[in-house]
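Colleague: I would like to learn how to read charged contacts in a model. Can we work through a case together?

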Amino acid sequence: MRCYRCGSVLSDSEFCNGCGADVKIYKKIIKLSNTYYNIGLEKAKVRDLSGAADILRRSVRLDKKNTQARNLLGLVYYEMGEVVEALSQWVISKNIQPEKNAADDYIKDIQSNQTKLESMNTTIKKYNAALSYAKDNSDDLAIIQLKKVVSLNPRLVKAYQLLALLYMKRDEYGKARKCLTKSLAIDMKNTLSMKYLGEIEKLNLVSDTALKSESVKEKKPLSGNDVIIPENSYRDVNYGLMQFITVVVGILIGAAMVYFLITPAKENNVTSEYKETINEYSENISKLNLTLNELQSNLDTLTAENESLKASLDEAAKIGDITAAYTELLEAAALYANDDKTGCAIKILSLGDEEGKSEEYMALYNALKEKSFDDAYTSCYNAAYQAENSSRYSDAIESFKICEQLQPENLEILYHLGKNYVNNNNGVVDDTAKAYFNKVIELGPGTNFAGWSETYLK
Amino acid sequence: MINFDEEIKKFHPSLEVDETEDAIYNNNITDMTDILLSMIKEKEEDK
């Protein structure tokens, strides 16, 4: 204990040793505050919370710096569900004594759990709303709100008391008794709760007595005007559990519906879709097959036409060849008519294949051949020798080749052809010359031409 | 017998968390020692 004036530690004396101030009454006030604190602590230990709160309020009114009493008062308020009141006391306590103060921990504990603080705030708001409904005689709404409040904040004593009062107004004494019992479990000697409970007990005694007296009297038989009211067996239901069960049952029913109703229908839809797709593809395949057959038929037709056209073309070509041959023959005849027997013979030689020609054609062909070949041979032979003698070997080869066509197996012509090829090739016996020499040897073995040929071949 | 109307008057609204600050500021923490000190001061001034 310190002096209120100079702060010195006070002794047992009635005056301060430091400044001499009269501290007699001051010390009494401080001691009384501490005494009240002790009493409040004892009450709080036996859960007489409202009694403890009353005593502790007196303690802090005597000495505001009694932080122990103020902290305990805050705890009592907190236990009764009055969070704001508790917080106020702790904040004031911290302001008075900033260092080494338990209120610091209490405040931090509340502030650290914001969710719980919000929940408490919600319950306070609902309580205030319920009180407003009750004052406006809206008992049902007030009861609904109060039920939520006590479920969220099971330590709010006055919520239980107000709820019990409302039940008692509706003669629901059983429910009122339950609420009051719960409130007394928190605040054991709360006078208001005990008063209400006493009233309920009185009413119960009265009703028991009335029942007993009634049972002694004879019971009247029931008449037509008597109304029988069945006993109300309504009980409080655990709404949370019911909700959970309802949700679970709903989920199970939904799952069963999906399995038995929706899934088969979906499967049927999928199957029918597949079938339709398959049918569509089958139709397309059939159409394609038809088209393929048509195309094949067209191809066959076109191939036959092509063959026919080819035959016609060959026929036309043959006719063309024959026409050309007739023209060549007429030209040969014209050359003979102009006394160019060599030219006529050459033309006759160029005609080639006589197959397919008419009789008239062959008659003229043979006549011209007979009349022109000998003279043509002589003329070409003389020209060839002149060219050979003049060393014009290539000219000589040309003339000798015509002679070879007119007389193919003439040894002299064949030998001179070989010889002129050698001379034209600077004396080299090439394959062409060799062929001619071999032919001479083959056709006239033992002849002079064969011997000369053999000489070239060595 | 409980009179509901009389009883309901005993119930007062609780302070909400938002009102904590106002409650602390408006809290009259003048205690007996403050009164005693003011009385001593007055007495000394009279002297």
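Colleague: Which side chains meet in a salt bridge at 2.6 Å, N to O?

Modeller: A salt bridge is a side-chain nitrogen of Lys or Arg within 4 Å of a carboxyl oxygen of Asp or Glu. Here A:R177 and A:E201 form one, at 2.6 Å from N to O. A:R177 sits in helix 9 (residues 173-186) of chain A and A:E201 in helix 10 (residues 191-216) of chain A, so the bridge ties together parts 24 residues apart in sequence. Helices are DSSP runs of H or I with at least four residues, numbered from the N terminus. This is a predicted model: local features need pLDDT of at least 70, side-chain atom pairs count only at pLDDT 80 or more, and totals for chains, interfaces and linings use all residues. Residues are numbered from 1 along each chain as its sequence is written, chains are lettered from A and ligands numbered from 1 in the order written, and side-chain values use heavy atoms, without hydrogens and water.

Colleague: Which residue forms a salt bridge with B:E7?

Modeller: A:K195 does, with the closest N and O atoms 2.7 Å apart. A:K195 lies in helix 10 of chain A and B:E7 in helix 1 (residues 4-8) of chain B, so this pair joins two chains.

Colleague: Is B:E7 buried or exposed?

Modeller: Buried means under 20% relative accessible area, exposed over 50%, partly exposed in between (1.4 Å probe, protein chains only). B:E7 is buried, at 5%. A:K195 is partly exposed, at 35%.
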